[in-house]
Amino acid sequence: MRHDRLLELIWQGDIQPASGPYSSRLQRGLGALLPLRTVSLAAGSGVDRRCILTDETELLPSLPLGDVLVEELSIDVPVGSLVVISDEILLANPVMDDELSYDLGVLVAEALLGVIRKGVFPYERESDALFAMASSYHAMIGGSGFVHLGLMPSWFRVGLAAGLCTYWAGARSARSDTSGLFLRPDFLTCPQLHDYLRSMDANFTAPDRIPAGLMLFSGGPCSYDAWLAKVERAVTAELDAHVQRSCDSDRPQEQRA
């Protein structure tokens, strides 16, 4: 959605604070997956299912989204928040575990793409960093804590794939992707995807042994900038370890001994 269009929807009253059981479950799920403060909104028009932005997103020059929401909707928007905008029709329907899981996968993918777009990692490491972050979520979602929240790992992973394909396959949306590489819950382990990513980016190395807890951070909710700093440190350390493992495996056996 164009940012000036979002501003227009807010001024028209088409965007309001979200409420109801679906919104509550969505925020609980996001809170478990992303250590960030989240503001949930409902849109009467202009949103295809849902989108995610930061409170610093400028709707006009020097006019951040957070300030507009405080002024126009009189809601509290902590500095460094994520703003999730959902189609109000979705929020009004019964909460189904598979749909919730899929939506959370898409939103997490959008958050990871936001990290890349912020330029947190050097250009030559962006594909590896995105792959490592996605691999961590792909693994962690199978943990008992997330299952007890009602999340279905296979549906979350399909949503994660749908969100990432818009970037990796250059698709306008998941519906327009024709590569067929992002249809399976185990897409990150698919050799064809690895070959495809290598063909798109010669720097891609398909990092392996990514721990499930790579993207889990202690300390409770933090600001978006603080989260970016934590992500940069954790992922960079993991990619450095991957490079070291690759170098060690390439050395002759006698040198390793």
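In which sense do S3 and strand S6 pair, and over how many bridges? In this predicted model, S3 and S6 (residues 82-87) run antiparallel to each other, joined over five bridges. Strands of a sheet pair through backbone hydrogen bonds, either parallel or antiparallel.

Now the whole sheet. It is open and has four strands, in the order S1-S2-S6-S3. The pairing is mixed. Strand S1 (15-17) and strand S3 (50-54) are the edges, and each of them pairs on one side only. On average, neighbouring strands of the sheet are turned by 30° against each other, direction ignored.

Helices come next. Helix H2 (residues 21-33) packs on this sheet. H2 touches strand S2 (38-43), S3 and S6. The direction of H2 makes about 145° with that of S2. Helix H5 (residues 97-117) lies across S3 and S6. Relative to S3, H5 runs at about 30°.

Is Ala-129 buried or exposed? Ala-129 counts as buried because its relative accessibility is 0%, and the cut-off for buried is under 20%. Which residues does Ala-129 contact, leaving aside its neighbours within four places in sequence? They are Ile-116, Phe-121, Val-235 and Leu-239.

Technical notes: Residues are numbered from 1 along each chain as its sequence is written. This is a predicted model: local features need pLDDT of at least 70, side-chain atom pairs count only at pLDDT 80 or more; totals for chains, interfaces and linings use all residues. Side-chain values use heavy atoms; hydrogens and water are left out. Two strands pair if DSSP finds at least two bridges between them. Helices (H or I, at least four residues) and strands (E, at least two) are DSSP runs, numbered from the N terminus. Axes are lines fitted to C-alpha atoms, for helices over the stretch in contact, and angles run from 0 to 180 degrees between N-to-C directions. Contact means heavy atoms within 4.5 Å. Buried means under 20% relative accessible area, exposed over 50%, partly exposed in between (1.4 Å probe, protein chains only).
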